[in-house]
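Subject: Structure for you to look at

Dear colleague,

I am handing over the structure we spoke about, and below it I set out what was found when it was examined. Please open it beside this message as you read.

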Amino acid sequence: MWFKNLQLHRIPAGWSMSVAQMEEALEKHAFREGGSLEMQVQGWAPPREGGELVHSVNRQFLLAYRAEKKLLPTTVVNQVTRAKALELEEQQGFKPGRKQMRELKEQVTDELLPRAFGIRRDTRVWIDPVNRWLVIDAASPAKADEVRSLLLKTLDIILENVELNEAPVAVMTSWLAGNDAPAGFTVDQDVELRSNTDEKAAVRYVAHPLDGADVRQHIEAGKRCTKLAMTWNDRISFVLTDAFIIKRVTPLDIIKDAADPTAEGEAEKFDADVALMTGELARMLDDLVEAVGGERQMDKAA
């Protein structure tokens, strides 16, 4: 159940909602089955199958955004529309005009929608009032935007950007050029370097040693590090991007071995996993923020 991606936000100091208050708010926007003519529906679903809409462990909250979209390929709609247009042409003796074709396409879409397959996608959200984090497990900003939009409609909460003292691209390039990772971190063997002058000019190394002369030559030629694979305290590996988005989060064996052996049943095991994940990630995020030079306005105690 570990998050694979971390889209990071800060929440205001002192923000507080009880589980009951959050449940009531989420219930108003709970996921429901879409109607036959609805292309897409969204809402909140239980993070654990059979559980509540808000999963709370050690003052940490877990939510799940669910979206269902009907799969109705444009090629299928166009194919059926063309067939119906030929039938209409035979009936009226002339080809349908633009308006008729537009209306025909809308009619075909309405006819096909009830038979279209729906694909569901769940995106988890972690709210940590203790350390002021709100984290969305989404790989792309577009998917995170969907979650943020519903979240802001649902909860009385303000999301703040993580404002860093240093640009991640400059810090990562410095680590790579000096072959000198910050304390507690190691640089792994995946990296992406991009040109300052041409965004399309990029060099990627995968499972390749990064301490060679070729990497330094690219940096000296003006390329900057935009993605860098790292490991934190031999516990969690991840890829850091220039937008301070963390991807490919993977707990390593030392954490897997730390799982609570006394947990029994799915509910207890899920709670133990949530507690382990949130505890480890909170510590890693604190260390990572410090490693990139800290935040411009960091006031967790306020």
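The predictor's confidence in each residue is given as pLDDT, on a scale from 0 to 100. Please keep in mind that this is a predicted model, in which the chain has a mean pLDDT of 89, with 96% of its residues at 70 or more. Confidence is highest in strand 6 (residues 133-136), at a mean of 98, and lowest in helix 7 (residues 253-256), where the mean is 81. Some care is needed with residues 298-302, over which the pLDDT is below 50, although this stretch has nine contacts in the model beyond near neighbours in sequence.

Five strands, in the order 8-7-9-10-11, make up an open sheet with antiparallel pairing, and its edges are strand 8 (202-205) and strand 11 (246-251), each of which pairs on one side only. On average, neighbouring strands of this sheet are turned by 15° against each other, if direction is ignored. Within the sheet, eight bridges join strand 7 (residues 185-195) to strand 9 (residues 223-232) in the antiparallel sense, and Arg194 stands opposite Arg224 of strand 9.

Which helices pack on these strands? Helix 8 (residues 265-291) packs on the sheet and touches strand 7, strand 9, strand 10 and strand 11, its direction making about 45° with that of strand 10. Helix 5 (residues 168-178), for its part, lies across strand 7, strand 9 and strand 10 (236-241), and runs at about 75° to strand 9.

The length of helix 8 can be checked: at 1.5 Å a residue its 27 residues should span 39 Å, and the end C-alpha atoms are 39 Å apart, so the two values agree. After helix 8 comes Gly293, which has a positive phi, near 105°.

Helix 5 also meets another helix. Its axis and that of helix 6 (residues 213-220) come within 9 Å and cross at roughly 140°. Because angles over 145 degrees would count as roughly antiparallel, and 65 to 115 as roughly perpendicular, helix 5 is described as oblique to helix 6. The crossing of helix 5 past helix 6 is left-handed, and the residues that meet there are Thr173, Leu176 and Ala177 from helix 5 and Val215, Arg216 and Ile219 from helix 6.

With best wishes

Definitions and conventions:
Residues numbered from 1 in each chain as written. Predicted model: local features only at pLDDT ≥ 70, side-chain atom pairs only at ≥ 80, totals over all residues. Heavy atoms only, no water. Pairing = 2+ DSSP bridges. Helix = DSSP H or I, 4+ residues; strand = E, 2+ residues; numbered from the N terminus. Axes fitted to C-alpha atoms, helices over the stretch in contact; angles between N-to-C directions. Contact = heavy atoms within 4.5 Å. Expected span 1.5 Å × (residues − 1). Parallel < 35°, antiparallel > 145°, perpendicular 65-115°, else oblique. Left-handed = near helix turned anticlockwise from the far one by under 90°.
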